[in-house]
Amino acid sequence: MRLDKFLKVSRLIKRRTIANEACDAGRVTINDKVAKASTKVKVGDIIEIAFGNKTVKARVLALADTSKKEEAKELFELI
């Protein structure tokens, strides 16, 4: 699954276009490597997102094409 789509489906970032912009700006890393929006995400990857002065780190637990708000939290765990 593409990184930008995972960020949207998991609700880590609300919109896919914003996820794309964050990736293009170099604020998203997967396993300590800067990632493009098209980078493939797999279970076990550690995603780090820089929001201004705050950083969010999450481990991918599952992949899903769609998810409801309640189910989105089950796709990742915050570290």
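**Notes on the salt bridges, sheet and loops**

1. Let's start with a charged pair: Arg-2 and Asp-4 make a salt bridge, and their closest N and O atoms are 3.1 Å apart. (A salt bridge here is a side-chain nitrogen of Lys or Arg within 4 Å of a carboxyl oxygen of Asp or Glu.) Keep in mind that this is a predicted model, where local features need pLDDT of at least 70 and side-chain atom pairs count only at pLDDT 80 or more, while totals for chains, interfaces and linings use all residues. Residues are numbered from 1 along each chain as its sequence is written, and side-chain values use heavy atoms, with hydrogens and water left out.

2. Is Asp-4 buried or exposed? Asp-4 is buried, because its relative accessible area is 1%. (Buried means under 20% relative accessible area, exposed over 50%, and partly exposed in between, with a 1.4 Å probe and protein chains only.) Arg-2, on the other hand, is partly exposed at 30%.

3. Asp-4 also forms a salt bridge with Arg-16, with 3.2 Å between the closest N and O atoms. Asp-4 sits in helix H1 and Arg-16 in helix H2, so this pair ties together parts that are 12 residues apart in sequence. (Helices are DSSP runs of H or I with at least four residues, strands are runs of E with at least two, and both are numbered from the N terminus.) Arg-16 is partly exposed, with a relative accessible area of 32%.

4. How many salt bridges does the structure hold? There are four. One of them joins Arg-59 to Glu-77, with the closest N and O atoms 2.6 Å apart. Arg-59 belongs to strand S4 and Glu-77 to strand S5, so the pair ties together parts 18 residues apart in sequence. Glu-77 is partly exposed at 34%.

5. Five strands make an open sheet in the order S2-S1-S3-S4-S5, with antiparallel pairing. S2 and S5 are at the edges with a single partner strand each, so one side of each has no neighbour in the sheet. (Two strands pair if DSSP finds at least two bridges between them.)

6. Have a look at S3 (residues 46-51) and S4 (residues 54-60): six bridges join these antiparallel strands. Ile-49 has Val-56 as its bridge partner in S4, and Phe-51 stands opposite Lys-54. In the hairpin of S3 and S4, two residues lie between the strands, and Gly-52 takes a positive phi near 60°. On to S4 and S5: three bridges join them, again antiparallel, and Ala-58 stands opposite Leu-78 in S5.

7. Backbone angles deserve a check too. Most residues other than glycine have a negative phi. Arg-11 is not a glycine, yet its phi is positive, about 65°; this residue is in the loop between helix H1 (3-9) and helix H2 (16-24). Asp-32 has a positive phi as well, near 65°, and lies in the loop between strand S1 (28-30) and strand S2 (33-34). Asp-32 is exposed, with a relative accessible area of 69%.

8. Lys-73 counts as exposed at 61% relative accessibility. Lys-73 and Ser-10 are 63 residues apart in sequence, but 6.7 Å apart in space, C-alpha to C-alpha.
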